[in-house]
Amino acid sequence: MLGDRRLRRDLERWEQSGWVTAPGARAIRTELGQSGTTLSLANVLAVLAAVLLCLGAMTFVAANWQEMSRLGRLVLLLAMLAGSYGGAAWLYGRGLEGFGHAATMLGCGSFGASIMLVAQMYHIGGNPPDAVLTWGAGTAAAAILLRANAAHALAIGLAGLWGAWETALRGDAFWPYLLAWVVLFAGLALTTRWRAGFHLLALSLTGFVISLGYLLAQGHRHDLVLLIGLAGMAVAAFLGPTIDRFLALSRPALVYALATAYAGLFAMQFLEGLYADPASNTPWLAANGMPLLALAVTSLAIILGALFLANRSGNRGLLWVAYCCFSLELIGLYFKTLGTLLDTSLFFLVAGLLLAGLAYLALRLHRRDLAHREA
């Protein structure tokens, strides 16, 4: 990407000026080399072409499926897989990594379609999510062996589909998904270390944790979600330097942990609904029956703590998520209490004061960034 090329040029200049040591510069270049294939229009178009070719090939096969013998069908499917992955290896050997990733995606798509066609041919029943799991396992293996970021993304999506499907069928938390998540994380960490892939994994894990509040104890375990989020924030905040020595993930981990913790708190305040009797659901009683003021103060304390960390570390992602959480808290309190015990003018007065404080923190963060750039 353009940012990587500029960083490499700046790195050479910094090394020549003596600002960066030679071993440090080599370590930075190694880390850049592990970040995966650069994103370009050619690579994007190649991946899209692979998706369309896969759909076109499988549509052609399906249209002529009944006229072919079983042996011919299997030979055709194996030829498609061999051609895709063989072509990917040839493209990698020629240095065309972006097109190699596209060929890998074509092979992964052909593998998934082959599973469905073979199951149809031999009338294989069973648990439908198992087919998605098999497809995802093959895709993950291809992503790891061929170091293909697009295949990593497909494997993460298939794992999420598998977990969500099993959860819907069972109506309960599907814990084996965590094992698949760990395997995918390890595979990505040991190969390309693609940052977008880590974000996809973080989003999927965040969704899994938040869903626990609605799946466990008949939808009344949002306190567990809050505790998991707070634990994640504590680990990312206090063990960040140690974590970043292996993978620079502490800053985004803090962002996702805050989102998880606040999702639990928001549900406890406004969504949980332990009391079915509307008369008992007073404006200053939270949805889970606890005092609303206590939970609101806890929410604001966590948000202000996150803003403090964002200001100290320059974590813009954490800053914006904290702002979003603050906005959601105000909206929730507004609709929960407006027209009852809290007057409209008082609400906007308090909200204005809080926003003024947040604006001051944002100004400090902006000035700190300017001073860092000038230095």
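At what angle do helix α12 and helix α13 pack, and how far apart are their axes? Before I answer, a word on the source: this is a predicted model, in which local features need pLDDT of at least 70 and side-chain atom pairs count only at pLDDT 80 or more, while totals for chains, interfaces and linings use all residues. Residues are numbered from 1 along each chain as its sequence is written, and side-chain values use heavy atoms, with hydrogens and water left out.

Helix α12, residues 250–271, and helix α13, residues 292–313, pack at an angle of about 165°, with their axes 10 Å apart. Here axes are lines fitted to C-alpha atoms, for helices over the stretch in contact, and angles run from 0 to 180 degrees between N-to-C directions; helices are DSSP runs of H or I with at least four residues, numbered from the N terminus. That angle makes α12 roughly antiparallel to α13, a term used for angles over 145 degrees. The contact, meaning heavy atoms within 4.5 Å, involves residues of α12 including L254, L258, Y262 and L265, and on the α13 side I302, I303, A306 and L309 are among them. The residues of this contact divide into 13 nonpolar, four polar and one charged, where Ala, Val, Leu, Ile, Met, Phe, Trp, Tyr, Cys and Pro count as nonpolar, Asp, Glu, Lys and Arg as charged, and the others, Gly among them, as polar.

Let me turn to the loops. T192 lies in the loop between α8 (176–190) and α9 (195–215), and T192 counts as buried because its relative accessibility is 4%, the classes being buried under 20% relative accessible area, exposed over 50%, and partly exposed in between, with a 1.4 Å probe and protein chains only. T192 and H152 are 40 residues apart in sequence, yet 9.4 Å apart in space, C-alpha to C-alpha.

Most residues other than glycine have a negative phi. R147 is partly exposed, at a relative accessible area of 40%, whereas Q218 is exposed, at 75%.

Conventions
Helix = DSSP H or I, 4+ residues; strand = E, 2+ residues; numbered from the N terminus. Parallel < 35°, antiparallel > 145°, perpendicular 65-115°, else oblique.
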